[in-house]
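Let's walk through a protein model together, step by step. Have a look at the sequence and the 3D view first.

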Amino acid sequence: MENLGFGLTMTVLGMGLVFIVLALIWGMLNLLTRFDRPEPTAADEATPAPEAVLMADGQLTPDEVAAIAVAVAVHAAALRREAAPAVRSYWPGSLLFASRWVAAGRTRQNQSWQRRR
């Protein structure tokens, strides 16, 4: 019974110490983030946030349509640079063209298990 009491005492002390250290680290990180914030400049306070302006009938303004068109073009260009997913003729892990890792795993699963001698 003495060993059980000693084990429980050590468990409580060890876990308590871990949580105390984690709480101290959390507190120090909070202090660092409070003191490390950039100070707002006069230029940030002077410029108001742009508001969405709808036309009288609820349509987008020509500037918004142009911005959306530019965003779509930039996104399409980024996808062309990442050509690997678009060029694939099959998806990884499909039944016909499995990757080598998947094929090896299937082969291992399909073999009958035998005890080592």
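The paragraphs below go from the overall chain to a few residues.

This is a predicted model, in which local features need pLDDT of at least 70, side-chain atom pairs count only at pLDDT 80 or more, and totals for chains, interfaces and linings use all residues. Residues are numbered from 1 along each chain as its sequence is written, and side-chain values use heavy atoms, with hydrogens and water left out.

The chain has five helices and zero strands; helices (H or I, at least four residues) and strands (E, at least two) are DSSP runs, numbered from the N terminus. How confident is the predictor? On pLDDT, a confidence given to each residue from 0 to 100, the chain averages 78, and 70% of the residues score at least 70. Confidence is highest in α1, at a mean of 94, and lowest in helix α4 (residues 83-87), at 54.

Is L32 buried or exposed? L32 counts as exposed because its relative accessibility is 56%.

T33 also sits in helix α1. With a relative accessible area of 47%, T33 is partly exposed. Its side chain reaches the backbone oxygen of N30 at 2.8 Å.

How values were computed
Buried means under 20% relative accessible area, exposed over 50%, partly exposed in between (1.4 Å probe, protein chains only). pLDDT is the predictor's confidence in each residue, from 0 to 100. A polar contact is a pair of N or O atoms within 3.5 Å; within protein, one must be able to donate a hydrogen and the other to accept it, and residues adjacent in sequence count only if both atoms are side-chain atoms.
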